[in-house]
Amino acid sequence: MTEPRVRPDPAFALLGLYETALPEVYGYLLSRCGDRTLAEELTSETFLGAVAACRKEYAPPVSTGWLIGVARHKLADHWRRTEREARGLRLVHDSEPDVEDPWDEQLDALRARQVLESLGPHHRAALTLRYVDGLGVPEVAGHLGRSVHATEALLVRARAAFRRAYEEKEGRDA
């Protein structure tokens, strides 16, 4: 009688990739959230999620690009959670008005990053996915778990909030 063969854990494919993918995944997250602690937590969640995904029956092939995609989803999940928490707090306070105002001026990169980090998580998520990652509105909507129409409205409000904060910071820096 032959003994059953032990099948290796499919998650071992990540071990070979870990050394090279870790700085890529962490760098991707840090450049988008600007918070080392959060980037470290999300990087950890990314690799834990990747291990779980590798163990599924129809697991995708493991690559750095695939891990960056997992990281993008983890970051979007984080922003959604943060937005839900903030939305609950906003119920107590007045909500911000809807403002439509396209803005085509040149932006100072450092000031823009500081302003982006100061925005609420829902605005930061929408603007980052749309303008930093270059995703279309339907893709942003998918990542944020919103309808396309709701995402378009969110982007209008986010751009207005960004512009207000940018101009306020510009006035203080001048």
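Visitor: How many disulfides does the count come to here?

Guide: The count is zero disulfides, where a disulfide is a pair of cysteine sulfur atoms within 2.5 Å. This is a predicted model, in which local features need pLDDT of at least 70 and side-chain atom pairs count only at pLDDT 80 or more, while totals for chains, interfaces and linings use all residues. Residues are numbered from 1 along each chain as its sequence is written, and side-chain values use heavy atoms, with hydrogens and water left out.

Visitor: What does the chain average in pLDDT?

Guide: The idea is that pLDDT gives the predictor's confidence in each residue, from 0 to 100. The chain averages 81, and 82% of the residues score at least 70. Over residues 101-105, however, the pLDDT is below 50, and this stretch has seven contacts in the model beyond near neighbours in sequence, a contact meaning heavy atoms within 4.5 Å.

Visitor: Is C33 buried or exposed?

Guide: A residue is buried under 20% relative accessible area, exposed over 50%, and partly exposed in between (1.4 Å probe, protein chains only). C33 counts as buried because its relative accessibility is 8%, and C54, with a relative accessible area of 4%, is buried too. Across the chain, buried residues make up 36% of the 174 residues.

Visitor: Which residues of helix 4 are buried, and where do they sit around the axis?

Guide: In helix 4, which spans residues 109-118, the buried residues are R111, A112, V115 and L116. They lie on the same side of the helix, because they cover an arc of only 135° around the axis, the arc being that of the directions from the helix axis to the C-beta atoms. A109, L110 and S118, on the other side of helix 4, are exposed.

Visitor: Why is helix 5 described as largely enclosed by the rest of the structure?

Guide: Helix 5 is described in this way because nine of its twelve residues are buried, among them P121, H123 and L129. After helix 5 comes G134, whose phi is positive, near 75°.

Visitor: Which residues does W79 touch?

Guide: W79 lies in helix 3 and counts as buried because its relative accessibility is 2%. Leaving out residues up to four places away in sequence, W79 touches R32, P121, R124, A125, T128 and L129. The C-alpha atoms of W79 and H123 are separated by 9.3 Å, although these residues are 44 apart along the chain.

Visitor: Which residues have the most contacts inside the largest nonpolar core?

Guide: A nonpolar core is a set of buried Ala, Val, Leu, Ile, Met, Phe, Trp, Tyr and Cys residues joined through side-chain atoms within 4.5 Å. The largest one has 41 residues, and L29, L67 and F162 have the most contacts inside it. At least two residues of this core come from each of helix 1 (12-33), helix 2 (36-54), helix 3 (64-90), helix 4, helix 5 (121-132), helix 6 (137-144) and helix 7 (148-173). Not counting residues up to four places away in sequence, L29 touches several residues, including A39, L42 and L75.

Technical notes:
Helices (H or I, at least four residues) and strands (E, at least two) are DSSP runs, numbered from the N terminus.
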